[in-house]
Amino acid sequence: MTTKILINRRSIQLLRVLVSGIFLVAGLNHLLNIEKTAKRIEQANFKGLAYFFGEPQWLIVLSGIVMVGAGFLFLLGYKTKWAAITLMMVLIPITLTVQVGQITTLGPLFKNISILGGLLFFILNDTDNLLK
């Protein structure tokens with residue numbers, strides 16, 4: 001038995017646009033403020049996670065490019081599920097590295113958890129077909 005849940009199509013578009021904004025802004029911030037972002041990583045309790053993946057400056061540039069690119073595709077609604085998966089794959093390591101284990105970043109930690117919830121909505125639901 002399949003249950004049909006009705007969702008306003010504008011609410012789906014609005015959620016997608018609003019969630020994409022954080023990635024566009026954060027991605028540009030990574031690209032324009034590499035040293036400042038690197039200092040935040042250096043001060044993080046779990047900075048070893050970043051170093052596990054490589055040199056932080058290169059990771060900052062790479063994550064910035066990915067966030068801007070996938071964020072833009074997500075904003076447009078093109079390959080939404082894959083853009084959301086890509087953004088989630090960037091969001092999780094950033095969250096674990098910079099926000100987990102630091103009481104001063106408890107607010108941003110839960111912000112990222114909320115963003116993850118928004119991405120999961122688009123990963124788990126076939127919104128591309130809902131909007132057609």
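The model is predicted, so local features need pLDDT of at least 70, side-chain atom pairs count only at pLDDT 80 or more, and totals for chains, interfaces and linings use all residues. Residue numbers start from 1 along each chain as its sequence is written, and side-chain values use heavy atoms, with hydrogens and water left out.

Start with the whole protein. It has seven helices and zero strands. Helices here are DSSP runs of H or I with at least four residues, strands are E runs of at least two, and both are numbered from the N terminus. The C-alpha trace spans about 50 × 25 × 20 Å along its principal axes. Of the 132 residues, 33% are buried. Buried means under 20% relative accessible area, exposed means over 50%, and partly exposed lies in between (1.4 Å probe, protein chains only). Accessible areas come from the Shrake-Rupley method with a 1.4 Å probe; for residues, only the protein chains shown count as cover. Among contacts with a separation of 6 or more, 73% join residues 24 or more positions apart. A contact means heavy atoms within 4.5 Å.

Now take helix α1. It covers residues 9-32, 24 residues in total. Its C-alpha span from first to last is 35 Å, close to the 34 Å expected at 1.5 Å a residue. The expected span is 1.5 Å times one less than the number of residues. At the start of α1, a side-chain oxygen of N8 comes within 2.7 Å of the backbone nitrogen of R10. The buried residues of α1 include I12, R16, V19, F23 and H30. An α-helix has 3.6 residues a turn, so residues three or four places apart point the same way.

L31 sits in α1 and is partly exposed, at 32% relative accessible area. L28, L31, L32 and I65 form a nonpolar surface patch with about 390 Å² of accessible area together. Helix α1 gives the most to this patch, with three residues.

Finish at S63, in helix α4 (residues 56-76). Is S63 buried or exposed? S63 counts as buried because its relative accessibility is 11%. Its side chain makes a polar contact with the side chain of H30, at 2.9 Å. A polar contact is a pair of N or O atoms within 3.5 Å; within protein, one must be able to donate a hydrogen and the other to accept it, and residues adjacent in sequence count only if both atoms are side-chain atoms. Leaving aside residues up to four places away in sequence, S63 touches H30, V90 and I94.

Definitions and conventions
Patch = residues over 30% accessible without salt bridge, like charges linked within 9 Å, V, L, I, M, F, W, Y side chains within 5 Å. Salt bridge = Lys/Arg side-chain N within 4 Å of Asp/Glu carboxyl O.
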